[in-house]
Amino acid sequence: MGPRREDGYDGYPEFAAARAGHLYRSACLLTGGDTHLAEDLVQETLGRVYVRWGRISRVGNPAGYAQTVLTRVFLAHRRRHSSRRERATEVLPDVPGPDAGGDAPLRLTLLEALGRLPAKDRAVVVLRYWEDRSIEETAAVMNTSSAAVRTRCVRALARLRLLLGDALGEYARS
């Protein structure tokens, strides 16, 4: 362990190393499996957290703050690039390793369905069901009302059911 830092960034490297994996998984869900964009979002998030680390680290929940920043960075990115509907490829570049388990087809199906949701609906689903946040917490992260979050949840889940159709049932039976 090196000398104690006196510049207000004490603990940031440890925080970033510990949270980067979780932030990346959330970013992959938000982006519908676009791993390159997910990496960019995590970099942007960690950079913004670093700039405010002195204040954030004293407040008490830097992990929650980082997750909020990630969601807002994602939504801002979608707003800036909403006119462009680029898809790098339909095939995911990363092949799951041998320890990924037998549910790879299910993961790909779910990622594809998430990727077809509008950005705000996708963010609500990820925050509510992946991050396990309350409706109020989700509303705060997204700068919207609790009623809007409930409405988006209902619509997003209905859209996912429509997109997945019987595909989810096939994987559940196997």
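This is a predicted model: local features need pLDDT of at least 70, side-chain atom pairs count only at pLDDT 80 or more; totals for chains, interfaces and linings use all residues.
Residues are numbered from 1 along each chain as its sequence is written, and side-chain values use heavy atoms, with hydrogens and water left out.

**Overall make-up**

- The chain holds 9 helices and 0 strands; helices (H or I, at least four residues) and strands (E, at least two) are DSSP runs, numbered from the N terminus.
- Read from the N terminus, the elements run α-α-α-α-α-α-α-α-α.
- The chain has 174 residues, and 39% of them are buried.
- Of the contacts with a separation of 6 or more, 68% are between residues 24 or more positions apart; contact means heavy atoms within 4.5 Å.

**Helix 1 against helix 4**

- Two packed helices are described by the angle between their axes and the distance between the axes.
- Helix 1 (residues 12-30) and helix 4 (residues 62-80) have axes that come within 10 Å and cross at roughly 35°.
- Those axes are lines fitted to C-alpha atoms, for helices over the stretch in contact, with angles running from 0 to 180 degrees between N-to-C directions.
- The crossing of helix 1 and helix 4 is right-handed: a crossing is right-handed if the near helix is turned clockwise from the far one by less than a right angle, and left-handed if anticlockwise.
- Helix 1 brings Phe15, Arg19, His22, Leu23, Ser26, Ala27 and Leu30 to the contact.
- Helix 4 meets them with Pro62, Ala63, Ala66, Gln67, Leu70, Thr71 and Phe74.
- The residues of this contact divide into 9 nonpolar, 4 polar and 1 charged. Here Ala, Val, Leu, Ile, Met, Phe, Trp, Tyr, Cys and Pro count as nonpolar, Asp, Glu, Lys and Arg as charged, and the others, Gly among them, as polar.

**Helix 2 and its surroundings**

- Helix 2 (residues 35-51) has 17 residues.
- From first C-alpha to last, helix 2 reaches 24 Å, close to the 24 Å expected at 1.5 Å a residue; the expected span is 1.5 Å times one less than the number of residues.
- Buried residues in helix 2 are Thr35, Leu37, Ala38, Leu41, Val42, Thr45, Leu46 and Val49.
- Their cover includes helix 1, helix 3 (53-59) and helix 4.
- His77 lies in helix 4 and is buried, with a relative accessible area of 15%.
- Leaving aside neighbours within four places in sequence, His77 is in contact with Leu37 and Leu41.
- At the start of helix 2, a side-chain oxygen of Asp34 comes to within 3.3 Å of the backbone nitrogen of His36.

- Most residues other than glycine have a negative phi.
- Asp132 is not a glycine, yet its phi is positive, about 60°.
- Asp132 sits in the loop between helix 6 (119-130) and helix 7 (135-142) and is exposed, with a relative accessible area of 65%.
- Asn143, also not a glycine, has a positive phi of about 55°.
- Asn143 is in the loop between helix 7 and helix 8, and is exposed at 62% relative accessible area.
- Ala147 belongs to helix 8 (residues 146-164).
- Ala147 and Ile135 are 12 residues apart in sequence and 8.6 Å apart in space, C-alpha to C-alpha.

Terms used: Buried means under 20% relative accessible area, exposed over 50%, partly exposed in between (1.4 Å probe, protein chains only). A polar contact is a pair of N or O atoms within 3.5 Å; within protein, one must be able to donate a hydrogen and the other to accept it, and residues adjacent in sequence count only if both atoms are side-chain atoms.
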